[in-house]
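Please look at the sequence and the 3D structure below, and then follow the text through some aromatic rings and a pair of helices.

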Amino acid sequence: SNADFVPIKRLADVIEEVEKQRVDFAVVPIENSNEGSVNTTLDELVDTNLKVLNEITMRISHCLLSKTKLENIKVVYSHHQAISQCSNWLHKNLPDAEIFPVNSTAQAAQLASKNSKAAAISSEVAAQIYNLNILVKSIEDSKDNWTRFFVLGHDISSKTGKDKTSIIFTIKDKVNTLYNILSEFSKNKINLTKIESRPTKKKVWQYIFFIDFEGHVSDKKVIDTLEKIKEHCIFLKVL
């Protein structure tokens, strides 16, 4: 409650603000329960030196905001993730409206406030800030719609006893390499909570793996596991 909040338009710029120490922390979306991982965040985590300090999981509910009536809407603005999460509703209720992805749901509300024939998929709070009417609440296709956010900063969080660790790595191009890496977690009875791959964008058909697992980076079995899997990696970083 005593923090100053600084809104930044682009996710990459949010991270840069912390890297340059103009702000202390960044809050970035990492995964949605229906639409999967936020690839922009995954890509940014490869290059940043920031650490994941914490995570926040929030239920996400979207509203349709506008200054006009539903039947007058010609344009809908929102973040591409929110558009995806409301795609069925949009198809049924606004099939002829043009859909424009923008940097955030907040920016969508700001744009809708300046266009008499536009609407935004955004939050109830945004409706208050930009003096928009809430035409329809809870337009997300799934009512069980959750998003996981990472809190990024400069220092690794201290041990709490209920911890998770995130790592990223690329593997050597040898038979059974990924199997051998995963086997090390199994041997040390470390529970994986997520595994995902993304193209490295540096070499064709080379992938970078993202893994979340239970335990703190200072735990002996985690230290031992990371030492073992380094042998199979071209690149390994603890987030």
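A residue is called buried if its relative accessible area is under 20%, exposed if over 50%, and partly exposed in between, with a 1.4 Å probe and protein chains only. The model is predicted, and therefore local features need pLDDT of at least 70, side-chain atom pairs count only at pLDDT 80 or more, and totals for chains, interfaces and linings use all residues. Residues are numbered from 1 along each chain as its sequence is written, and side-chain values use heavy atoms, with hydrogens and water left out.

Three aromatic pairs are found in a search of the whole structure; rings of Phe, Tyr and Trp (its six-membered ring) pair if their centres lie within 6.5 Å, and planes under 30 degrees apart count as stacked, over 60 as edge-to-face and the rest as tilted. One of the pairs is stacked, with the centres of Phe-169 and Phe-209 at 5.6 Å and 20 degrees between the planes. This pair links distant parts of the chain, since Phe-169 lies in strand S10 (residues 164–171) and Phe-209 in strand S12 (residues 207–214), 40 residues apart; strands (E, at least two residues) and helices (H or I, at least four) are DSSP runs, numbered from the N terminus. Phe-169 and Phe-209 are both buried.

The ring centres of Phe-185 and Phe-213 are 5.1 Å apart with the planes at 55 degrees, so this pair is tilted. Phe-185 belongs to helix H7 (residues 177–187) and Phe-213 to strand S12, 28 residues apart, and both Phe-185 and Phe-213 are buried.
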